[in-house]
Amino acid sequence: MIRVIIAGFRGRMGSTAVNMVLEQTDFELVGLLDPNATDKEAFGAPVFNDKKDMVDVKADVWIDFTQPAVAYENTLFALENGFRPVVGTTGFSDDQIKSLIDLSKKEKRGGLIAPNFALGAVLLMQFSKAAAKYFPDVEIIELHHDQKKDAPSGTAVKTAELMAEVREAHHQGAVDEEETLSGARGADFEGMRIHSVRLPGLVAHQEVIFGSQGEGLTIRHDSYDRISFMTGVALGVRQVMNVTELKYGLEHFLDL
Ligand SMILES: NC(=O)C1=CN([C@@H]2O[C@H](COP(=O)(O)OP(=O)(O)OC[C@H]3O[C@@H](n4cnc5c(N)ncnc54)[C@H](O)[C@@H]3O)[C@@H](O)[C@H]2O)C=CC1
Ligand SMILES: O=C(O)C1=N[C@H](C(=O)O)C[C@H](O)C1
């Protein structure tokens with residue numbers, strides 16, 4: 001059995017992850033964390049409001065769907081206390097990811113930070129990287145529900161990072177272009193523009209739009225329901241048991 005803690009279990013993703021864990025015959029829910037929880041126990045597992053009270057919980061994996069402001073300290077806490085982190089929470093800086101990977105190697109502890117657990121979104125990122133080699137002019141439009149705290153999305157940032165590996169940084173658009181309304185051209189990642197849409201009714205969606213002489217290419221992924229992320233979370237939980245360092249991106253556990 002893989003013993004699992006879920007941090008952020010009262011949230012949209014955390015509550016979906018609880019159902020997923022309860023459905024797996026090889027997972028056991030052994031602890032739940034959320035500052036908003038009032039019960040002492042839920043789904044047969046003890047409930048905590050503060051992670052400091054969880055050091056004695058016997059667990060293999062720490063699933064984290066909390067919020068960007070606490071994602072780093074939670075992941076650090078998991079690694080330091082013997083739990084393998086499987087983190088979906090977004091908002092990490094490059095330096096934070098690097099220091100967590102370094103720590104995991106020192107501790108020889110497996111882990112995963114995945115900006116997107118939906119298999120289709122992981123494929124979108126890989127296809128975008130392949131396309132950027134031949135279509136270096138590209139913009140990203142990410143669209144999410146209106147309760148999302150961070151912008152741009154972790155997925156949009158990771159997509160841009162992957163494309164930057166195969167694309168020379170360069171300015172896109174007219175050299176003398178001017179924003180007459182601030183922000184009109186979106187965020188700038190090495191010349192690639194990222195646009196964030198927030199609307200009620202949406203879940204998580206992304207378009208990567210490539211343009212070239214006389215042709216265009218658009219790659220799009222849609223998560224219509226948060227169940228879309230659960231195959232990837234379950235895969236991550238099983239795979240972190242077999243590695244001795246933290247990986248950034250679910251693609252590390254897929255045969256792509
Ligand atoms: N990697 C992926 O595939 C996905 C990642 N996400 C990310 O997951 C995160 C959570 O998203 P939602 O569930 O929509 O947010 P949410 O706001 O519905 O839930 C967050 C929960 O975390 C709890 N929380 C806050 N601070 C905490 C702490 N220190 N320890 C434990 N729990 C804490 C809150 O009380 C809340 O219940 C966001 O960063 C989002 O971008 C969301 C969907 C998919
Ligand atoms: O907040 C969300 O909902 C999501 N967050 C992740 C992100 O920032 O990329 C993954 C997915 O897009 C849903």
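**Exercise 1.** In this predicted model, find which residues His145 touches, leaving aside those up to four places away in sequence.

*Solution.* Start at His145 and look for its contacts: they are Pro200, Leu202 and Val203.

**Exercise 2.** Work out whether His145 and Thr155 are buried, partly exposed or exposed.

*Solution.* Count neighbours for each residue in turn. His145 has 14 other C-beta atoms within 10 Å. A buried residue needs 20 or more and an exposed one has 12 or fewer, so His145 is partly exposed. Thr155, found in helix 5, has 25 other C-beta atoms within 10 Å and is therefore buried. Its contacts beyond four places in sequence are Pro115, Asn116, Ala121, Glu142 and Gln206.

**Exercise 3.** Compare the UniProt "binding site" annotation with the residues around ligand 2.

*Solution.* First, take the annotation: the unreviewed UniProt entry marks His145, Gly154 and Thr155. Then read the shell around ligand 2, which includes Gly154 and Thr155, along with His144, Lys148 and Ser153 among others. Finally, sort that shell by class: 2 nonpolar, 6 polar and 1 charged residues.

**Exercise 4.** Trace the strand pairing from strand 8 through strand 11 to strand 12.

*Solution.* Begin with strand 8, joined to strand 11 (residues 204-212) by 7 bridges in antiparallel fashion; here Glu139 stands opposite Ile209. Move on to strand 12 (residues 215-223), which pairs antiparallel with strand 11 over 9 bridges. In this pairing Ile209 faces Thr218. To finish, inspect the hairpin of strands 11 and 12: 2 residues lie between them, and Gly214 in the turn has a positive phi of about 70°.

Definitions and conventions. Residues numbered from 1 in each chain as written. Chains lettered and ligands numbered in written order. Predicted model: local features only at pLDDT ≥ 70, side-chain atom pairs only at ≥ 80, totals over all residues. Near = placed C-beta within 6 Å. Nonpolar A, V, L, I, M, F, W, Y, C, P; charged D, E, K, R; others polar. UniProt positions renumbered as here; feature names shortened; annotations may be inferred. Contact = placed C-beta atoms within 7 Å. Helix = DSSP H or I, 4+ residues; strand = E, 2+ residues; numbered from the N terminus. Pairing = 2+ DSSP bridges.
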